[in-house]
Amino acid sequence: MNRRKSSGMERKMSRQYLVLVLPGFLIFTIGLIIPLFLSFRYSLTDWDGMSAEMKFVGLQNYVKLFHDKEFLESFWFTVKFTIGNTIIQNICALLFALALDSGIKAQKFYRAAFFIPCLISAVIVGFVWLKLYSNVLPEINTWLGTNINFLLFGDADTVLGGLLIANNWQWIGYWMLIYLAGLQSVPAELYEAARVDGAGPIKRFFNVTIPMLAPAITICVVGITIGSLKVYDLLISSTKGGPGRASTSMIYQTYTTAINGRQYGYGSAMTVTLVIMLLLVALIQVKGLKKKEVQA
Amino acid sequence: MALLKRKNKNSEEIPSTPYTKTTLITQIIMTIIAVLFLSPLAMILNYSFKTKKELYLNSPLALPEALQFDNYVKAFDKLNMQTTFVNTLFYTAASVLILALLCGTTAWAIARGKGKFFKFSYIYFIVGILIPYQALFLPIYTIGYKLNLTNTRHGIIFMYVATGISFGVFLMNSFMSTVPLELEESARIDGCSVFRTYFTVVLPLLKPAMATLIIMQSFQIWNDYLLASLYVSKKQLKTLTVAIQSLFSAQTSDYTTAMAAIVISVLPIAILFLSLQKYFIKGMTVGAVKG
């Protein structure tokens with residue numbers, strides 16, 4: 001009697017929980033998951049995005065993709081930008097967090113100084129660095145009588161470096177905050193114990209700090225990778241994909257192809273490729289990093 | 001709770017750490033880096049007060065000759081601020097409000113509900129974090145067009161909610177372990193429904209999580225360019241970031257007005273961050289530790 005009553009109660013609660021999940025579930029499905037499948041469907045057609053006609057072309061768009069020099073260029077630019085960001089941003093964010101956690105005074109001031117840039121739109125960041133490189137920094141040459149090339153956005157060889165500086169300026173503070181939060185939750189006893197065991201600062205860092213930071217490292221590595229693969233806003237107000245096509249990212253290329261070039265089906269194939277890339281990279285990273293977490 | 005205790009112990013120890021030579025060197029290096037980080041911001045402020053004449057004749061590093069707000073007045077006009085500012089504020093506030101409501105309840109129900117559907121939902125939402133909406137901008141635009149969501153206020157708000165929800169659910173979900181189950185159970189014994197339990201017991205305990213969510217989503221929506229530029233083409237529905245981008249491409253030589261526009265657009269988010277900073281830092285701590 002009692003049991004039946006409680007299971008009836010549980011069913012009622014389960015239904016109420018379901019009511020709470022459903023609205024979000026539906027909005028998410030309509031806004032993101034259905035578009036994902038739409039994209040796949042359109043990628044198998046030659047639709048131009050406007051007309052009523054569309055022809056099924058099978059995997060032809062994908063075959064074309066792998067011979068498209070412009071697309072491959074945008075692919076490599078995005079990959080280089082992502083690898084550069086993941087390495088620089090992680091190392092700098094972790095170093096900054098360690099420095100802030102080392103007992104220096106006015107920790108709050110530094111935290112705010114590094115964090116504020118990420119509150120600014122990437123469109124604005126791109127424009128600000130464009131002006132810095134072209135108008136403000138060259139003044140240093142006049143002052144010091146040096147001849148440093150600050151026009152990083154003007155040359156195909158330096159544009160990647162220039163964008164990496166701008167992007168890292170914007171995001172290091174954000175990831176630093178996550179590392180800082182991770183550092184501050186490492187129990188002090190662990191360091192004590194390691195010190196008693198005779199471990200030096202370097203050994204303590206690799207045997208205590210890094211393993212304890214493992215969850216934060218996973219979040220930062222995956223987050224920075226995804227954030228870099230989707231780069232677009234930063235480019236439109238700074239390099240516009242140039243000079244030439246040297247800084248055209250995959251999304252930028254998709255936009256040009258599908259919206260300006262009216263090749264919607266072909267652009268959808270690019271979208272699907274990027275999505276597969278995102279999922280694959282995240283899966284590999286999470287798997288690899290989680291393994292390390294378990295070992296620790 | 002255990003986490004908070006640990007944190008306290010840790011922070012108690014900070015004063016006892018001796019301020020050594022290494023600390024001093026670290027402090028000096030970090031100060032130099034912080035000044036470098038702040039200098040682009042100083043440059044924005046500096047330019048926003050310069051006149052066009054100063055821009056061409058004086059050194060780029062020189063301070064403005066007089067404090068004048070001409071650029072701000074011009075920026076206000078050029079950005080069509082009375083429309084774009086209100087629009088952006090409305091889109092951001094409405095989306096964030098809906099997100100705060102939805103993500104909290106969804107994450108809590110997923111954490112507490114028993115059964116396959118809830119487990120599946122969690123993984124389902126995670127997929128959304130791994131695929132940022134920018135990657136899907138093309139079909140998102142198409143579906144918006146098909147459902148008549150483009151060029152409407154509710155359409156763009158709907159999309160901000162749809163694209164922000166997965167991160168929000170993930171974030172709130174990692175906080176659910178900080179809500180003690182006993183409290184929920186005693187509320188239930190008192191006869192509270194699931195809904196009332198959430199609003200009277202759970203929600204008040206989620207303050208740091210909510211602050212984190214509000215800040216993160218606010219600055220993302222406020223700063224968004226791609227979705228706003230795709231969904232809105234009508235002048236009276238445009239957002240600030242889209243208006244700023246058109247200002248940038250129109251005014252490449254005289255950019256003092258653009259710099260003033262930047263200050264105006266960053267200010268609201270900076271104020272929000274500074275006022276919620278305390279909770280935000282606490283929220284990030286729990287989120288990062290939980291993974």
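**Entry 1: a helix pair.** I began with α3(A) and α11(A), which are roughly antiparallel to each other, in what is a predicted model. I looked up the angle behind that: the axes of α3 (residues 69–101) and α11 (residues 250–260) of chain A cross at roughly 150°. Angles over 145 degrees count as roughly antiparallel, so the label applies. The two axes come within 8 Å.

**Entry 2: who meets whom.** I listed the residues at this contact. From α3(A) I noted Glu70(A), Phe71(A), Ser74(A), Phe75(A) and Thr78(A). On the α11(A) side I noted Met250(A), Tyr252(A) and Gln253(A).

**Entry 3: the chain as a whole.** I counted secondary structure elements in chain A and found twelve helices and zero strands. Written along the sequence, the pattern is α-α-α-α-α-α-α-α-α-α-α-α. I also checked the spread of the chain. Its radius of gyration is 25 Å, well over the 19 Å that the globule rule gives for 296 residues, so chain A is more spread out than a compact globule. I took the box along the principal axes as well: the C-alpha atoms fill roughly 90 × 75 × 30 Å.

**Entry 4: burial and contacts.** How many of the 296 residues of chain A count as buried? I got 42%. Last, I looked at contacts in chain A between residues at least 6 apart in sequence; 74% of these join residues at least 24 apart.

Terms used:
Residues are numbered from 1 along each chain as its sequence is written. Chains are lettered from A and ligands numbered from 1 in the order in which they are written. This is a predicted model: local features need pLDDT of at least 70, side-chain atom pairs count only at pLDDT 80 or more; totals for chains, interfaces and linings use all residues. Axes are lines fitted to C-alpha atoms, for helices over the stretch in contact, and angles run from 0 to 180 degrees between N-to-C directions. Helices (H or I, at least four residues) and strands (E, at least two) are DSSP runs, numbered from the N terminus. Angles under 35 degrees count as roughly parallel, over 145 as roughly antiparallel, 65 to 115 as roughly perpendicular and the rest as oblique. Two residues are in contact if their C-beta atoms, placed from the backbone, lie within 7 Å. The radius of gyration is taken over C-alpha atoms; the globule rule is 2.2 Å times the number of residues to the power 0.38. A residue is buried if 20 or more other C-beta atoms lie within 10 Å of its own, exposed if 12 or fewer, and partly exposed in between; C-beta atoms are placed from the backbone.
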